[in-house]
Amino acid sequence: MDKNENLHSGHYKRLRSKALSQDITKMSEREVLELTLQLCFNRGDLNDLSARLLKHFKSYYKVLSASKEELLSVEGIGESAAEKLMLLPKLVNYYDMSKAKEKEVFAYCTEDCIKIACENLKNLEHERLMMFVLNGSGKLIKEIVLGDGQDACVKVKTNEIILKAVESKASKVFFAHNHPTGLAKPSMSDINFTSQISKALFYAGVKVVDHIIVAKNEVFSFSMQNML
């Protein structure tokens, strides 16, 4: 192994240790993609490759959602690596399905939605927007992180939410986000987001049953306030 390979090996080991020892959502998109590429390549400089992929596809999600032809158009991606990248979302979906079978959770009412939202968001130090996917019986079948950071409700794209809901075979969904340092009071952007996404999902055949805001010592429910 030459000097460059030794440097790469040490860098990748540090990157894996970082991911294992902290919340991976706090890592940069480039770092997470580089970590993912380690599963597809045995050696080489993956830093530049991750940069090229993000420049081409614009986001981690779009890299892992790309077709083989799209992936092969990026320099450094061969057929084997493209197939491995395409397999990763399928493996994650299988993991989610297996996890759901271990513990069945139902959201029959507002109180259930609040409980689920608090379990996922109450202890986070940064703002996060999530969508909880329910089947027709109210069973929770998927928890999806839609965005992190301030104004996540503004940044997330409506068409991407609809795609995720439809792909998850949702009958109903509810949204939740947290205000780690503030009050559980909806901003105008929260209100606009809830109104717009409820209408958009309605036309896609999916009902929005609530939007929960979780703060340190209180919660807010759009449903309870008749704001849906």
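The model is predicted. Five strands make up an open sheet with mixed pairing, arranged in the order β2-β1-β3-β4-β5. The edge positions belong to β2 (140–148) and β5 (219–221); each has a single partner strand, so one side of each is left without a neighbour in the sheet. On average, neighbouring strands are turned by 20° against each other, direction ignored.

**Strand pairing**
- Strands of a sheet pair through backbone hydrogen bonds, in either a parallel or an antiparallel sense.
- Strand β1 (residues 128–134) runs antiparallel to strand β3 (residues 172–178), and six bridges join the two. Within β3, H177 is the residue opposite L129.
- The pairing of β3 with β4 is parallel and extends over seven bridges. Here K207 in β4 stands opposite K172.
- β4 and β5 run antiparallel and are joined by three bridges. V214 faces V219 of β5 as its opposite residue.

- A right-handed β-α-β unit is formed by β3, helix α10 (residues 188–203) and β4.
- Four residues lie between β4 and β5, which together form a hairpin.

**Packing and burial**
- Helix α7 (residues 110–121) lies across β1, β2, β3, β4 (207–214) and β5. The angle between helix α7 and β4 is about 50°.
- Strand β4 is mostly covered, with six of its eight residues buried.

Conventions. Residues are numbered from 1 along each chain as its sequence is written. This is a predicted model: local features need pLDDT of at least 70, side-chain atom pairs count only at pLDDT 80 or more; totals for chains, interfaces and linings use all residues. Side-chain values use heavy atoms; hydrogens and water are left out. Two strands pair if DSSP finds at least two bridges between them. Axes are lines fitted to C-alpha atoms, for helices over the stretch in contact, and angles run from 0 to 180 degrees between N-to-C directions. Contact means heavy atoms within 4.5 Å. Buried means under 20% relative accessible area, exposed over 50%, partly exposed in between (1.4 Å probe, protein chains only). A crossover is right-handed if, with the strands pointing away from the viewer, the path from the first strand over the helix to the second runs clockwise.
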